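Hi everyone, thanks for making time. I'd like to walk you through one model today, so let's bring it up on the screen.

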Amino acid sequence: MSQRLWVVVAAVVVAGCSSSAGPIPGGTSTAPSSSQLAEVDDPAREFEQLAGKYDARLGVYAVDTGSERAVAYRADDRFAYASTFKAFAAALVLDATTPQQLDEPVPILAADLLEYSPITERAVGGTMTWRELCDAAVRYSDNTAGNLLLRRVGGPSGLQAKLRGIGDQVTSVDREEPDLNSAVPGDTRDTSTPRAMAADLRQFVVGNALSDEDRPLLVDWLRGNTTGEDVIRAGVPADWVVGDKTGSASYGGRHDIAVVWPPGRAPIVVVVMTSRDEEGAERADALIADTARVVARVLAPNG
């Protein structure tokens, strides 16, 4: 059932998993089968209580990449993914460019400038490199930079096709900023699920969807994110290293997708997505922080 939490335990734990907080070498593990699922009731009730407390819809998926234990709550519900797409767009620009191409100049035109573009607005009439645009989109959630990255990978259809290429059959990529943030209930455009987002993020940051040369750049941008202090970072222990990308949408949409590195343990991928019923509803950062606190306790009780 969608409102229950499941803990997934892999039958075989992949040997030799990295336990450092540094960039993780490539390599993926096979998802457990449904016969390996075991229900845990108490955390599910906590998530349900949190959703009620904040009067919000809540979706969670998190997986310990060392043990393959995972927690899921409404993990297959759709949410408007908002600016979280920028992490994937940056990853795909990395994948499509050589180091030399990454430093090529890109004109920043006044016609392209959108609201909330704190980095690109300073460069209008000049140029930025693809490297700088990736940094602006991931670390500062710069909307103009996000659209330029999206166009670099073939627009919405190009991004969706590339996500399909790594196995994501769920995410629907349809529009650019700012239209992708409309988040009208029932509209599946520009939506995904916590489970699908976690799988994509895992492949880019922990798995082998990026080369050993490109992956550390994405990890560095995620770890340097400036928009996530009050969400997953606020809910996990202070000594955990966090790399994340946030997103905000209409109808109270607020999301955070992250890879977290507890000391001495394999990384944990955490995705928390939330929304509310009213178009102008306030976004609840504290709900994401409280949810991350539960995830940390369940997946890394001694972390």
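**A cavity and its neighbours**

Let's start with the largest cavity, whose lining is made by Tyr81, Phe85, Phe88, Leu159, Leu163, Thr171, Val173 and Met197. A cavity here is a set of points on a 1 Å grid over the protein atoms alone where a 1.4 Å probe fits but cannot get out, and lining residues have an atom within 4 Å of a point.

Before going on, the ground rules: this is a predicted model, where local features need pLDDT of at least 70, side-chain atom pairs count only at pLDDT 80 or more, and totals for chains, interfaces and linings use all residues. Residues are numbered from 1 along each chain as its sequence is written, and side-chain values use heavy atoms, with hydrogens and water left out.

How many cavities of 30 Å³ or more does the whole structure have? The search finds one, and the volume of the largest cavity is about 30 Å³. That volume is the space filled by probe spheres set on the points, with grid points joined across faces, edges and corners. H2 and H6 are the elements giving two or more residues to the lining; helices are DSSP runs of H or I with at least four residues, strands are E runs of at least two, and both are numbered from the N terminus.

Now, how do those helices meet? H2 (residues 85-96) and H6 (residues 155-165) pack at about 80°, with axes 11 Å apart. Axes are lines fitted to C-alpha atoms over the stretch in contact, and angles run from 0 to 180 degrees between N-to-C directions. That makes H2 roughly perpendicular to H6, a label covering 65 to 115 degrees. Phe85, Phe88, Ala89 and Leu92 of H2 touch Leu159, Lys162 and Leu163 of H6, with contact meaning heavy atoms within 4.5 Å.

Elsewhere, the side chains of Lys53 and Asp290 form a salt bridge at 4.0 Å, N to O. Lys53 is in H1 (residues 41-53) and Asp290 in H10 (residues 285-299), so the pair ties together parts 237 residues apart in sequence. The cut-off for a salt bridge is a side-chain nitrogen of Lys or Arg within 4 Å of a carboxyl oxygen of Asp or Glu.

Last, the backbone: a cis peptide bond, with omega about 0°, joins Glu177 and Pro178.

Notes:
Angles under 35 degrees count as roughly parallel, over 145 as roughly antiparallel, 65 to 115 as roughly perpendicular and the rest as oblique. On a 1 Å grid over the protein atoms alone, a cavity is a set of points where a 1.4 Å probe fits but cannot get out, and a pocket is an open set with protein on both sides within 12 Å along at least five of seven lines; lining residues have an atom within 4 Å of a point.
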